[in-house]
Amino acid sequence: FSHELNGNGAYVFPMSYAQRRLWFLDQLHPRTSASNLPIAMRVDGPLDRILLEKALRQIVSRHEVLRTRFGQVNNEPVQIVYSNFEFKLEVVDLTSLPDEQRQAKVDQLISGDVKHVFDLQDGPLFRGTLYALTADEHVLLLNMHHIVADGWSFRVILREMQIFYESFVTGNAAELNELPIQYGDYAHWQEEFCSTAAFGSKLEFWKDRLEGAPQFIDLPMARPRPSYPSLDASITSLLLSDRLTREVKELSSLQGSTLFMTLMAAFKILLFRYTNQNDIVL
């Protein structure tokens with residue numbers, strides 16, 4: 001499904017449409033960390049840093065998308081998978097700091113590292129940093145660009161990291177089957193599917209359905225709407241009770257819907273209440 005690029009062990013695949021969207025946004029707004037996917041975790045107990053790095057290298061070797069770069073070939077956006085890429089786990093030693101300064105320092109360093117600006121063309125797009133607090137206390141930060149991963153990817157990476165690490169510690173073989181397909185194969189399949197008549201009719205349906213859709217939601221504003229959109233944001237959390245959570249899940253099941261779609265419907269009803277708009281685009 002691919003071809004080798006200049007005989008250097010790099011193979012070219014088409015970008016998936018999700019990747020094209022993120023690549024376009026990166027071209028439109030370069031030097032931004034808005035598409036970063038960081039995850040930090042505390043690791044308590046004895047840790048072999050060399051084996052941890054080896055486990056992460058195995059994951060990068062196993063998943064082609066983690067050693068992929070993005071660019072253009074013949075004016076077409078493509079993903080370029082490199083056969084040889086040596087993952088390096090950066091280690092930051094904070095053990096010499098006084099106890100009362102250590103946590104504040106690691107928080108400061110992580111806040112800066114999660115804003116790392118990835119270069120889609122030169123990479124790498126998957127990074128790891130290990131902060132050593134004491135001999136038996138560490139914080140591991142994994143950071144990657146959304147163009148090579150999503151929220152589900154974390155589950156895969158963390159599970160396989162544990163499997164590989166334990167296999168290296170015990171000397172046993174990791175119980176993981178070889179992957180039958182890679183992300184590049186999916187992108188190739190998607191490109192072929194999107195050239196079919198069946199896809200074309202669906203595309204025309206949504207073009208017609210979304211024609212004339214509002215450009216923004218007319219929410220009541222406390223301040224004037226800025227002329228240029230910002231990527232600054234914040235998070236507000238709401239904890240639902242156990243009873244309400246069960247009831248919403250039951251409603252979703254009865255309607256043949258996912259919990260996400262039910263909550264999305266509730267959110268759109270809230271937006272309708274504030275805007276009185278019949279058409280709400282998210």
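Helix H6 (residues 197-210) has 14 residues, which at 1.5 Å a residue should span 20 Å; its end C-alpha atoms are 20 Å apart, so the two values agree. The expected span of a helix is 1.5 Å times one less than its number of residues. Helices (H or I, at least four residues) and strands (E, at least two) are DSSP runs, numbered from the N terminus. H6 is followed by Gly-212, whose phi is positive, near 80 degrees.

This is a predicted model, in which local features need pLDDT of at least 70 and side-chain atom pairs count only at pLDDT 80 or more, while totals for chains, interfaces and linings use all residues. Residues are numbered from 1 along each chain as its sequence is written, and side-chain values use heavy atoms, with hydrogens and water left out.

At the start of H2, a side-chain oxygen of Asp-48 reaches to within 3.1 Å of the backbone nitrogen of Ile-50. The buried residues of H2 are Leu-51, Leu-52, Glu-53, Ala-55, Leu-56, Ile-59, Val-60 and Arg-62. Here buried means under 20% relative accessible area, exposed over 50%, and partly exposed in between (1.4 Å probe, protein chains only). The cover over these buried residues includes strand E6 (89-93), strand E7 (126-134), strand E8 (137-145) and helix H4 (151-170), where contact means heavy atoms within 4.5 Å.

Charged side chains form a further set of links. A salt bridge is a side-chain nitrogen of Lys or Arg within 4 Å of a carboxyl oxygen of Asp or Glu, and by this rule the count comes to eight. One of them joins Glu-137 and Arg-42, with the closest N and O atoms 3.9 Å apart. Glu-137 lies in strand E8 and Arg-42 in strand E3 (residues 36-44), so this pair ties together parts that are 95 residues apart in sequence. Glu-137 is partly exposed, at 31% relative accessible area, and Arg-42 is also partly exposed, at 41%.

Other pairs lie within a helix. Asp-99 forms a salt bridge with Arg-102, the closest N and O atoms being 2.7 Å apart; the two are three residues apart in helix H3 (residues 99-113), and therefore separated by about one helical turn. Asp-99 is exposed at 59% relative accessibility, whereas Arg-102 is buried at 11%. In helix H7 (residues 242-254), Arg-243 and Glu-247 are four residues apart, about one turn of the helix, and their salt bridge has closest N and O atoms 3.2 Å apart. Arg-243 is exposed, at 58%, and Glu-247 is partly exposed, at 38%.

Ser-253 and Leu-141 are 112 residues apart in sequence and 37 Å apart in space, C-alpha to C-alpha.

Note on methods. A polar contact is a pair of N or O atoms within 3.5 Å; within protein, one must be able to donate a hydrogen and the other to accept it, and residues adjacent in sequence count only if both atoms are side-chain atoms.
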